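This briefing is meant to be read alongside the sequence and the model.

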Amino acid sequence: MAAPAELFCWEGDWGLPSVSTDCLVVLAYAQFAGAPLKLRRTSSPWRSPSGCLPALRTEQRETLSRPADIIIHLRKQKYNADFDLSAKEGADSLAFISLMEEKLVPALIYAFWIEPKNYVDVTRRWYAEHMPFPLNFFMPGRMQRQQLEKLRLLRGDETLEAGDELEKELFRDAAECMNLLSQRLGSHKFFFGDSPSSLDAYVFGHLAPVLKSRLPNSKLQQHLKTLDNLSGFCCNILLLYFPRDGRDASSQKTAPQPDGGADFDHVPHKRRKQFLSALVALGAMLSYALLTGMVSIQHVQQGALEDEPAHLQPLGEHEDEGDG
Amino acid sequence: NGTVIPIGQSLDPLPMHGPELGLQADDIEAPGIEQDPKQEVLENKNVVVQRVHIDGLGRTKEDLLTYEIAEVFRAKNLIDVMRKSHEARQKLLRLGIFRKVEVVIDTSRGEDALPNGLDVTFEVTELRRMTGSYNTMVGNNEGSMVLGLKLPNVLGRAEKMTFQFSYGTKETSYGLSFFKPQPGHFERNITLNVYKVTGQFPWSSLRETDRGISAELSFPVWKTSQTLKWEGVWRELGCLARTASFAVREESGHSLKSSLSHAMVIDTRNSSILPRRGGLLKIHQELAGYTGGDASFLKEDFEIQLNKTLFWDSVLSASLWGGLLLPIGEKPTSIADRFYLGGPTSIRGFSMYSMGPQSEGDYLGGEAYWAGGVHLYTPLPFRPGRGGFGDLFRTHFFLNAGNLCNLNYGEGPQAHLKKLAECLRWSYGLGIVLRLGNIARLELNYCIPMGVQSGDRICDGVQFGAGIRFL
Amino acid sequence: MSLAAEAFVSQMAAAEPWPENATLYQPLKEDQILLSDCASSLAVQAYLRMCGLPVQVVCRANAEYMSPSGKIPFIHVGNQVVSELGPIVQFTRAKGHSLSDGLDDVQRAEMKAYMELVNNMLLTAELYIQWCDDATAAEISRPRYGSPYSWPLGSILAYQKKWEVRRKMNAIGWGGKSLEQVYEDVSQCCQALSQRLGTQPYFFNKQPTELDALVFGHLFTILTTRLTSSELAERIKSFSNLLSFCRRIEQTYFEDRSS
């Protein structure tokens, strides 16, 4: 083996090891299987070898991006969390993963990216704060457009927009999916027996962000909290497999209050402020130039548009010419 | 010793305006008086137009203009020269490529100058290579921004290229057209169009998106103007809402229409919006399916209007419209091809296009229709603003009638006529008409609909209408 | 329509019995319909037959555009229009016809999960093979899809559809898959279905459910449709219990009526 496999993931927050569902799935699976991965948490997707997150750079310098591909790769490396599953249980895993992809994923996209208040207050803010300047101005918007496009394709509706009816429909599907998962889980600790499998990783990856994020429109979270066994399941995995992130969250809650923390943050903020003020000044100058330019262009256009009724010049002028 | 006669001054009825007039108002008077005797002499004398100059040409090709000014050479005396020059000037302006045309007539000079020779000089100012426009429009439940781009005289022979792009809150549309007249015969021209138009028709719960190309040839024959056209349209129909009736749902989807059409118009009216005299005959026929496409039908319709001035500036106007749509082959006609009737621009007192065959509240249109109207237009009572603003308004009394239905072709023409004659819808009322330029008009009417059939949607009482074509 | 009005209408619908003139719309059977649409349509027909609800199948060239969701098939019952199996199952349940009432909670959860497995893997694989495999798209899908329209509209619509499906594949991460990987996914899906079915006559013991209708619709269509390569059908043929399952449903619900 050459260099150890490296896993690139989105940074964590809200007491989660990562904010992205796909990253969480991979992280959880790697933990369950005990795969020794060199973890790289980043908030710059272009730093990853594939340009998106999560990404696994294997020992053979290959790059994998789809969670399913990464899990298959880890399985081939003998890090198999599904080793103890019977064939029927394997089939059930596949079925429930499909169920989540069809019913839960659209609602998650909607809740985090499309619902306007959630997007502006939480998602965009988080990505804008964590991405480096100046990309934090463009990337969240780009990611949102990609997610909207994805939701449109999933639903087969080219003109889909955020709205009450869509929200109701998506959340109804998602709530039903959670109910079904809750019924399947019952009072067990994990979906199949006493040790977690890939299905547990998928369920955790999809539900933990719902449970831990603080979205203004939190209908999904409210529903999830009524399902005690499912929310307990997520907390349990966090506690058992990601103990450090869970503690981070509780310490973060108290950390920002003392002034020392603010002092520590002072330097990068200063630079950012400098950048911002320069940008604002530049923007103002540019827009002024553009504005005056526009005005002059409009004048030209208006002049061109006046279809003046042509008329003859008065007599005198021509006579002068004739005489001369 | 040069003589210059200001043609525009004497013949052009347009009031002069602009900065030039203000600055040189004194100059007009003084030399005019001085030259009277000479002018007197020249008027009686035979003259020869020796040269015609056109100054100020940039991209315009000269050969195009020689057709327009050829008549000037035929003038025999000074009055003739003035009249023909004026006509030539009007022709040049009509080409739509000049901003300004001025005519200067001078005695010939040079070696070969005849004693009674004249030189005519047209001083023209070309339009800019490209002009732009910007509008915002607000329609029912929709706002849109319209950007227009016009390239007059693209190739130097009065060809015109226009591009329009409208970006709406719901729909975007665009159109690109190219127009080319035959040099010397401006009425004979070719137009090519490429467009995409989206329309929403709430009375049918229908949304239609058309993408098409068309080629059009126009030419005058005797007193008529004839138009031949081929059009290929890709039409996409869809339901406007989930609640659309099943009949409309069945029409959803894509179709291709390729049609040949012919239109003939005789228009002797003095104005197209509020005419005082003259008549209009318009016949239009369209044959679809023979040049490809999914839709095949024959569509005929006509429009007649007669106007007569009566006592006290009042005008009596009578119009008759009619149309017939015959499907060819097995396929029934499409909802997009059928006729619609009703509303403030046709049979007043009914809601827009809300009469005739319908399904669950969605109007499906008919394959045959007729509509007639009689109007008595009078000036406003007591004639306020006479000679100015008040002339834009008229009061009118109207009587409209018509019918719209589907035909069963097994029954024969007798049955058809009977069907169109029974269940007659009609309405009467009075209102005020406002003329908007020479293209559109607004109406505010009090209507009393009669002969209403079950399923029709009426608009009893006050009804507002705006449009270009009126019954 | 507002949700309140919708709820009211579905209540009204529940009160009305199933009419005799219920109609199912699908694209033209001979010239136009594609594998995935045919499979979805057969699944709904199988479901309605299992419920004992009569429905008349009507082929329309513009069925896709008539459908309120743009998906095939849809049924027109009374003055209601419902498309796709999931909503149709809910609709019939509102009218008092259901196949899955006898299941317990866990079984119902599993049934729903397996239905999504079929949609997520089999249906997506069918779409992939139809539109993303160049040979199939050029020889079968594009000519058939555009067949009801005159030139050049048929080609335009077919290419539009192809791009739409390819964008969808990219969005769900199937864009980078090879045909072999897709066949492998189909095998994996069938393996799961075969495991779940075991030796039972239906997925949940003696009585068919909507899952059985869905699986039958897809597998039977794949087995009986000729494509440029028979690989897809071959993958299914290696699971003998699925084959006999298809035969059983065909004999029980489709043959005795036609004879």
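A:W14 counts as partly exposed because 17 C-beta neighbours lie inside 10 Å, where a residue is buried if 20 or more other C-beta atoms lie within 10 Å of its own, exposed if 12 or fewer, and partly exposed in between, with C-beta atoms placed from the backbone. This is a predicted model, in which local features need pLDDT of at least 70 and side-chain atom pairs count only at pLDDT 80 or more, while totals for chains, interfaces and linings use all residues. Residues are numbered from 1 along each chain as its sequence is written, and chains are lettered from A and ligands numbered from 1 in the order in which they are written.

**Positive phi**
- Although A:W14 is not a glycine, its phi is positive, at about 55°, and this residue is placed in the loop between strand 1 (6-10) and helix 1 of chain A; helices (H or I, at least four residues) and strands (E, at least two) are DSSP runs, numbered from the N terminus.
- C:N205, likewise not a glycine, has a positive phi of about 60° and lies in the loop between helix 8 (179-197) and helix 9 (210-224) of chain C.
- C:N205 counts as exposed, because it has 12 C-beta neighbours inside 10 Å.

**Cis peptide bonds**
- In chain A, a cis peptide bond with omega of about 0° joins A:F133 and A:P134, and A:P134 belongs to the loop between helix 4 (116-130) and helix 5 (139-155).
- In chain C, a cis peptide bond with omega of about -10° joins C:I72 and C:P73, and C:P73 is found in the loop between helix 3 (63-66) and strand 3 (74-77).

**Domains of chain A**
- The domain assignment of chain A gives domain 1 (6-76) and domain 2 (87-241), with bounds that come from an automatic or database domain assignment.
- Taken over C-alpha atoms, the centres of domain 1 and domain 2 of chain A are separated by 18 Å.
- The contact takes 17 residues from domain 1 of chain A and 20 residues from domain 2 of chain A, two residues being in contact if their C-beta atoms, placed from the backbone, lie within 7 Å.
- On the side of domain 1 of chain A that touches domain 2 of chain A, the largest share, eight residues, comes from helix 1 (residues 21-33) of chain A.

**Record annotation on chain B**
- Over residues 47-127, chain B is 31% helix and 35% strand, and the end C-alpha atoms are 33 Å apart.
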